[in-house]
Every structure is written in C-alpha cells, then in structure tokens.
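Hi everyone, thanks for coming. Please have the sequence and the model up on your screens while I talk.

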Amino acid sequence: MPTALITGATAGIGAAFARRLASDGLDAVLVARDAGRLDAAARDLRDRYGVAAETLTADLSTDAGIAAVEDRAREGADLVVNNAGFGNKGVFLDVPVADELTMLKVHCEAVLRITSAALPGMLERGRGAVVNVASVAAFATRGTYGASKAWVVSFSQGAMQDVAARGGGRVRVMALCPGFVRTEFHERAGMDVTSVPSFMWLKDDDVVDQALRDLRRGAVVSVPDVRYKAIVAASRLVPPGLAAKVSARTGRRYD
Ligand SMILES: NC(=O)c1ccc[n+]([C@@H]2O[C@H](COP(=O)([O-])OP(=O)(O)OC[C@H]3O[C@@H](n4cnc5c(N)ncnc54)[C@H](OP(=O)(O)O)[C@@H]3O)[C@@H](O)[C@H]2O)c1
C-alpha cells in the first residue's frame, strides 16, 4: 500500500491531507508534537478508512525531531507533505530573534532536510511526490513568515528542476500556496483576523483537493482558488513598494 508522510497532521491543512489521502487508500505516517492528538488522529484514520496509520512524535524545531522524520522518510514514503508551520505573534521588530530562528528551522531547515531524505528513494523507485506547504505570503512582503515561505517556493522549484534533469520520471516536487484557511493557525499566532472578509477564507478540504489536482497535472506551484490566483497575478503588476504596503497590512493584527 502506498504511504503518505504528513507533518503537522493533527490540525488544519495537515489533518485535511491526512483524511483525504487515507480516503484515497494511502497508509499514513502522522507527524506532530502532541502525542495524544496524534494517537487520536491515527485511530480515526484506521476506523474511518481502514488504512494503516503510524504516529511519529517530533518537534521540527529541534535537530532530533527533524532527524527522526528524515529517518522515516528514508525508510520509504510515496508522498511527503511538509506542512507543519506556524506564525509568530507580531511583526519582525517586535518578535524575539530566537522565535524567528525557530520559524526558519521549521519552515526551511526541516523542509530542506526531509525533502532531501525522501527524494533519493523516490528517484530509485521512479515515482513519488513531495508537497511543500508555503503560502500566498510567499509572493508578498510579510516579514520572516513571508520570506520563509518564499524560500519554500523557490526551493521546491529548484528541487523539481534538479529531479527533472536527473530524468526523474514520475517524481514530483510541488509548493502549495494557500491564502487564508480556517485552521488553528491564527489563534495560535495570536492574530486578530476579524478584518479578513469572509469571501477570502478557504476550506482546508478544498485546498487539499485543488493541491492534489495540481500535483496530478504536474504543477510545480499550486495556488488554490481563482480568487488567490487573481491576487497573485495582480500583485505582480503593481509597483513593488505599493504591493509591500498593502500586503504588510492586510488581515494582520495581533491581540
Ligand atoms: N491557515 C492559513 O491561513 C494558512 C495559509 C497559508 C499557509 N499556511 C501554512 O499551512 C501550514 C499548516 O498550517 P495550518 O493553518 O493547518 O496550522 P494549524 O491548524 O495551526 O496546524 C499546525 C500543525 O503543525 C503542527 N506543528 C506546529 N509546530 C510544529 C513543530 N515545531 N513540529 C512539529 N509539528 C508542528 C501542529 O501540531 P503540534 O502543535 O502538536 O505540533 C499542527 O498539527 C503551515 O505551514 C502554514 O504556514 C496556513
């Protein structure tokens, strides 16, 4: 049975990936820090979809946590979803630099190392995929968060080029760039998102559905939903200074 390894699989977008992939018949390796939530999520997948579901308790802001997931990815996973992520409370000038470094560890170092661990086996088998969850913030100016997600997009594009140059067959690397999705993310980051209009919110299941469709058609960057495709396209047309001003303010207030 093919296996999907999903980081941040206990909530939000990661949990939606886990449900959808299990319903498609893939076995699951679920990664997060909270062991109790991981066990409950794995039990739910077994009960509802009859798949095998393992748990791996790992903190991706630590070397040991990343190494444990690298080991599991090397053992074999047909689809890896590097999804775990978070927002810091406040703008760059107000956030302790240690917290910004933790973000880079989870968003960039963990993604780099887990992707590097997973790809050789996929190339050997001639099939497999890595989906790296970035954000539309990658195309905007959103402090360290946006910069880290821009890295995820650029890294994924480069990795896909390298895979293709090696005759990667059916091996794919794709960056997924959602807009606002109703998850635990904003509450955990202490963000007040009451000013974000309701039409801007996406559902986690729809984001996953679009991502998997884009993956099947060979997209390297997936921006779910026509509203956000239009926003990303428009942001490339306006002067960079104006785009930065608008994007730095949109929907972001801290409690
Ligand atoms: N929600 C949005 O509007 C939105 C938009 C664009 C992009 N994204 C991106 O989508 C991804 C998922 O976000 P979400 O909205 O689904 O967030 P969420 O609901 O807060 O879920 C985050 C998941 O990541 C895990 N996690 C957090 N820190 C971790 C760490 N250090 N080590 C291991 N696991 C960790 C959490 O579990 P534990 O706490 O148990 O570890 C949880 O399972 C993130 O990369 C985020 O940047 C979100």
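Predicted model: local features only at pLDDT ≥ 70, side-chain atom pairs only at ≥ 80, totals over all residues.

If you'd like to find the place on your screen, the lining residues are Thr7, Leu60, Asn82, Asn83, Ala84, Val106, Ala110, Val111 and Ile114. Which helix gives the largest share of that lining? That would be α4, with four residues.

The structure holds two cavities of 30 Å³ or more, so let me show you the other one. About 30 Å³ of space lies in the second largest cavity. Around that space sit Asn82, Asn83, Ala84, His107, Val111, Val133, Lys149 and Val152. Here α4 and α5, residues 143-165, each supply at least two residues of the lining. By class, the second largest cavity has four nonpolar, three polar and one charged residue in its lining.

Now to the helix α4 itself, and how it packs. Two packed helices are described by the angle between their axes and the distance between the axes. For helix α3 (residues 63-75) and helix α4 (residues 97-125), the axes come within 8 Å and cross at roughly 25°. Angles under 35 degrees count as roughly parallel, and α3 and α4 are therefore roughly parallel to each other. Their crossing is right-handed. On the α3 side, the contact is made by Asp63, Ile66, Ala67, Val69, Glu70, Ala73 and Arg74; on the α4 side, by Lys105, Glu109, Ala110, Arg113, Ile114, Ala117 and Ala118. Those contact residues divide into eight nonpolar, no polar and six charged.

Last stop, an open site: the second largest pocket. How much space lies in this pocket? About 450 Å³. The pocket is lined by 14 residues, and Leu26, Asp78, Leu79, Ala129 and Leu215 lie nearest its centre. Strands β5 (127-133) and β6 (170-176) and helix α7 (204-216) each supply at least two of the lining residues. In this lining, seven residues are nonpolar, one is polar and six are charged.

That's my tour, and I'm happy to go back to any of these spots with you.

Definitions and conventions. Residues numbered from 1 in each chain as written. Heavy atoms only, no water. 1 Å grid on protein atoms, 1.4 Å probe; cavity = no way out; pocket = protein on both sides within 12 Å on 5 of 7 lines; lining within 4 Å. Points joined across faces, edges and corners; volume = space filled by probe spheres on them. Nonpolar A, V, L, I, M, F, W, Y, C, P; charged D, E, K, R; others polar. Axes fitted to C-alpha atoms, helices over the stretch in contact; angles between N-to-C directions. Parallel < 35°, antiparallel > 145°, perpendicular 65-115°, else oblique. Left-handed = near helix turned anticlockwise from the far one by under 90°. Contact = heavy atoms within 4.5 Å.
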